[in-house]
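This report walks through the fold, sheet by sheet and helix by helix. Please keep the model open alongside.

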Amino acid sequence: MTYEVWLPFHADDLDGLPEGPNYRFWNGEQDFPADPADCAFYVVPYMKGSDISVRPLAEMTSVQVVQTLSAGIDHVQPGLQLLPEGVKLCNARGVHDASTAELTLTLILSSLRGIPDFVRGQDSEEWRSGFRPALADKSVLIVGYGAVGSAIEDRLVPFELARVARVARSARETARGPVHPITALPELLPEADVVVLITPLTEQTKGLAGADFLARMKDGALLVNVARGGVVDTKALLAELESGRITAALDVTDPEPLPPGHPLWHAPGVLISPHVGGPTSAFFPRAKRLLGDQLNRFVNREPLRNVVLTTGS
């Protein structure tokens, strides 16, 4: 059987692809590369937004697999009801671990050590020395302890922390220690100097870091959001930032992109990066390895990796 595969990369740029499928390049352009009804394996364009990601889905009547290149799937969820039953939705678990963990450490260290203030001082030729917090001896709480959360802890290990606490949907044990259930947050939040959000955006996590969550954070704590903007209640965060009680480092915001004039831009104690946790030089080799492996599994009828859900079940 000949399969049609839609890729956001040119097939010649990918090593290890199986022979047999017809590979079509589509990275969100207005015109489709072929009839969507013939597509069996759809790799969603990366960082093109929900409107583009779901645009072909209604016509993909023969699709069997939808593969995202992100760990999150919220950008394709609006179109899942357009798909036939039995379609497997797979995410890119593992592809962004290194990049996102690196950015998380960058945001933590930059915020604690006052790097944004140093840059402003350099721009105005001012020598802004002073006493700054260190990451050493701090307690860090990772909320959403999956593959990326574990990679973040890997990079925290050399920093002589007092403690790392881990939270996920349900409790479990790891080689590094316990993972607490999300119901333990009220007890864990007051003990953390740095709170890292790396949960997927779901109905359960939307607005998770709301007024009560933020109020439980200790005075002077740093909130780092490398998950999705909707995990944080922006209005509640602004209130805390403007009071000066906590600080924040945000790679994602709600709304996103953050529009000109939004008060979050100039809120005190906030560092904002423009959703750049994933797109680095580390992305391409990992994404290409994932696609080669997945497509070989698909052609050989072997179990796929990273199956998040199957439509109609």
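In what order do the 8 strands of the open sheet run? The order is S8-S9-S7-S6-S10-S11-S12-S13, and the pairing is mixed.

## Basis of the model

This is a predicted model: local features need pLDDT of at least 70, side-chain atom pairs count only at pLDDT 80 or more, and totals for chains, interfaces and linings use all residues. Residues are numbered from 1 along each chain as its sequence is written, and side-chain values use heavy atoms, with hydrogens and water left out.

Helices (H or I, at least four residues) and strands (E, at least two) are DSSP runs, numbered from the N terminus. Two strands pair if DSSP finds at least two bridges between them.

Strand S8 (172-174) and strand S13 (270-272) are the edge strands. Each of them pairs on one side only. Neighbouring strands of this sheet are turned by 20° against each other on average, direction ignored. Axes here are lines fitted to C-alpha atoms, for helices over the stretch in contact, and angles run from 0 to 180 degrees between N-to-C directions.

Helix H7 (residues 234-243) packs on this sheet. H7 touches strand S11 (222-225), strand S12 (247-250) and S13. Contact means heavy atoms within 4.5 Å. The direction of H7 makes about 130° with that of S12. Glu173 has Pro178 as its bridge partner in S9.

## Strand S6

How many residues of strand S6 (residues 139-143) are buried? The count is 5 of its 5 residues, and the strand is mostly covered. Buried means under 20% relative accessible area, exposed over 50%, and partly exposed in between (1.4 Å probe, protein chains only). Ser139, Leu141 and Val143 point one way from S6. Val140 and Ile142 point the other way. All are buried.

S6 pairs with strand S7 (residues 163-168) in the parallel sense, over 5 bridges. Val143 stands opposite Val167 in S7.

## Helices H2 and H4

Helix H2 (residues 97-113) and helix H4 (residues 147-156) pack at an angle of about 50°, with their axes 8 Å apart. H2 and H4 are therefore oblique to each other. By the cut-offs, angles under 35 degrees are roughly parallel, over 145 roughly antiparallel, 65 to 115 roughly perpendicular and the rest oblique. The crossing of H2 and H4 is right-handed: a crossing is left-handed if the near helix is turned anticlockwise from the far one by less than a right angle, and right-handed if clockwise.

On the H2 side, the contact is made by Asp97, Ala98, Thr100, Ala101, Glu102, Thr104 and Leu105. H4 supplies Ala147, Val148, Ala151, Ile152, Arg155 and Leu156. By class, the contact has 8 nonpolar, 2 polar and 3 charged residues. Nonpolar covers Ala, Val, Leu, Ile, Met, Phe, Trp, Tyr, Cys and Pro; charged covers Asp, Glu, Lys and Arg; the others, Gly among them, are polar. The buried residues of H4 are Val148, Gly149, Ala151, Ile152, Glu153 and Leu156. They pack against H2, S6, S7 and strand S10 (194-197).

## The sheet of 6 strands

Another open sheet has 6 strands in the order S2-S1-S3-S4-S5-S14, with mixed pairing. Strand S2 (22-25) and strand S14 (307-310) stand at the edges, each with a single partner strand, so one side of each is left without a neighbour in the sheet. The twist averages 20° from one strand to the next.

Strand S1 (residues 4-7) and S2 run parallel, joined by 4 bridges. Tyr23 in S2 is the bridge partner of Val5. Helix H8 (residues 283-299) packs on the sheet, touching S1, S2, strand S3 (39-43), strand S4 (65-67) and strand S5 (88-90). The direction of H8 makes about 160° with that of S3.

Arg297 lies in helix H8. At 15% relative accessibility, Arg297 counts as buried. Arg297 touches Glu302, Pro303, Leu304 and Arg305, not counting residues up to four places away in sequence.

Ser53 sits in helix H1 (residues 50-54). Ser53 is buried, with a relative accessible area of 1%. With residues up to four places away in sequence not counted, Ser53 touches Tyr42, Val44, Pro45, His75 and Val76. Gly49 is in the loop between S3 and H1. At 34% relative accessibility, Gly49 counts as partly exposed. The C-alpha atoms of Gly49 and Asp74 are separated by 10.0 Å, and the two residues are 25 residues apart along the chain.
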